[in-house]
Amino acid sequence: MPAVLPVSSSAEVFVSGKLRRFGPPLLLISPSLILVGVFIYGLMGQNLWMSMTDNHSAAQANGREPISVVGLENYIGLFATEAFRHSMANLLLFTAAFLIGAMVMGFLWAWLLERPLPGGRFFQTVYLFPMAISFVASGVVWRWLLNSNQGDSASGLNRLFQMVGLDFLQNPWWNNITFGILAIALPAVWQLSGYVMALFLAGFRGVPDELREAARMDGATELQMYRLVIFPQLTPVVMSALVIIAHMSLKSFDLIMSISKPANYQTKVPAVDMFLFKSSYDYANSAAVGTILLAVVAVLIVPYLIHQYRESRR
Amino acid sequence: MRRRNFLYLTSGTLAAVGLVACGGSDGSGGGDGGGDSVEVFTWWAAGSEKAGLDALVEVFVEQHPDIEFVNGAVAGGAGSAAKDMLQSRLQAGDPPDTFQAHAGAELNDYIDAGQIVDVSDIYDELGLREAFPESLLERLTADGAIYSVPSNIHRSNVVWGSAAVLTDAGIDPATPPASVDEFLEQLDTLAAAGVTPLSVGAAWTQVNLLEAILMADLGAAGYNGLFDGSTGWDSAEVTTALTHFETMIGHTNTDRDGLDWPDATQQLIDGTAAYNVMGDWAVAAFDEAGLAPQEGYVYFELPGADKIFGFLADSFTLPEGAPNPEGTKAWLDTISSPDGQLAFNLAKGSIPARTDVDTAEFPEYQQTAVTSFAEDEICSSIAHGAATSVGWLNAISDATSQFTAGATDLAAYQQALTDIAAENQA
């Protein structure tokens, strides 16, 4: 037993003291540390390495032909193709539309439902419900709604526009080459706005009534009260909503796959490219697209985490 | 001290359990393998495909009562879900006893990766070299070895027409157009009559249409040369075919990219579209809708230089490291036997690969396919993996989608197809 051994020097006392303080907790979290290390960071590293090799065929993936390291060649090759740049542009457009749409709709609903209206609870549930549906299931229905036929053979929303006399609103939805991806942001906004609403509602509830009363006592108008008293306190909520929606948007795959098809050029995004490369046994390019996606998400998440860390230290 | 020991103990156990749990998952992906069973991996999980598999299993149980059949069918995505799962299982060294794959170039990746083995000796043992036609054996052989046994053959280049819609537009459904130009003229007439002249679905069905027009315009020798390099993808003949393709796409339904093939054939059944180019599995859809051949629907091949049979076949393999190769051999025996091929193809709507199966029982359309397969020139399908590897096909699909969506013009499309061919022919 280490405890009964004679202590010989001060350095050892220091080490064993440290060990006593940090050893048991470290040991306790070591299983998760090891698992996270191997299965998340280890595999991320593996992915990064794969993306810098010329592993483009089934034979190489199975060790029948040699693999060599080619550095950043795959990344350069990807960005050199018009198709991948189109995917990145689609991702950007989709994220912008999804983010702005969900934040604005979520905030509006929360703002309306915050006051005690008759049936308010009912509508909270109604707006939150779409989130309970899987993207794949709602995607199938939205595929029918967003049918691109116009005129006599129109169906879905285009048909609805005809029926209410708004024929000029008919459009090819996601079949437009440049902006088609925005049509797919529509169901995404529909599904996630309720969630943003719930976040904002919680944020509003977190503002103590005394503060509102004090503002009113001081003669603040409703607008001033929101602008100067309530909004500043909602910053953490806005930050979490932004990060959650944005990272969901960047990783969007299932919704796009169930509305469109993987090979459709109009709705290509990097996640779909990654899937297609993988199914063509082009593991190197697949890994490169994965790494690019990780980097894009990191650009968003890392500042947020740093911010959170500083907040908690304060 | 007590408490600390407890902590050591629990954390140690947790780590061990965690590692075991993670390590234990490989090697038990599906089917127990070994013993006297055979795990057959397919994407035949619904409709006529499922009916075909069931019929095949019936014959198998009769022929090999001592071997248990384990159904490894994976549903979803017209086979893409199954292929995805198969890819991971093969990579992890956990192959099924046999799996379904399109015969032809689609097998190249498995061959290059050393994941399937040569079954030539099974061919000799079962006398299959005599049973299958020479032209088919040629298509199955790669570098002197044969890697799969075909269970059935489908035809990809069939034009289906709705007799009612054609008659309404003043076109006689009984006489098919004599040339591509006449076919394109008919499309104009149909467009003027206010119906969709040609229905099509998402990218792969567009590739199916592309290969049909390539076969018609280039002829058998020209078309087959596209894959060994003797016909250039940048040649003037291909430009002509692509121009025809562009015209045809211009006459299709605008919601094509959201549809799969059954939606496209349904438009003929509903009377909103006149023609559809699709493989001969579509015949089941017309039959189910209660339409009679000739009166309700017509079919012909896209007219061209030669009479061509657009070929694709389902086949079964012997994976490297299969748990029970004896079971695999029994399965291959059943699917290649006259009884097995008859039962399976009657139910699935395809035609037998063997030449000695009595086809008198087959319905009208399949009879014509049998005759055509025996007499016409044979060209391998692009859209169904017979002519090109998976990577090549995916690249063609991408370029085609880019073109039909309107993002590239004809010249850029042809250049893309040429570049893709150069990359993949090496």
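In this predicted model, 27 Å separates the C-alpha centres of domain 1 of chain B and domain 2 of chain B. Their contact draws 17 residues from domain 1 of chain B and 19 residues from domain 2 of chain B.

Three elements of chain B each give two or more residues to the domain 1 side of this contact: helix H4 (108-112), strand E6 (148-155) and helix H16 (364-375). H16(B) gives the most, with four residues. By class, the domain 1 side divides into five nonpolar, seven polar and five charged residues.

Where do the two domains run along chain B? The domain assignment puts domain 1 at 36-155 + 312-372 and domain 2 at 158-310 + 379-425.

Now the contact between the chains. Chain A contributes 33 residues and chain B contributes 34 residues. On the side of chain A that touches chain B, helix H1 (10-51), helix H2 (58-61) and helix H12 (270-279) of chain A each supply at least two residues. Which of the elements has the largest share of that side? H1(A) does, with seven residues.

The classes of the two sides described are set out below.

Notes:
Residues numbered from 1 in each chain as written. Chains lettered and ligands numbered in written order. Predicted model: local features only at pLDDT ≥ 70, side-chain atom pairs only at ≥ 80, totals over all residues. Contact = placed C-beta atoms within 7 Å. Domains from an automatic or database assignment. Nonpolar A, V, L, I, M, F, W, Y, C, P; charged D, E, K, R; others polar.
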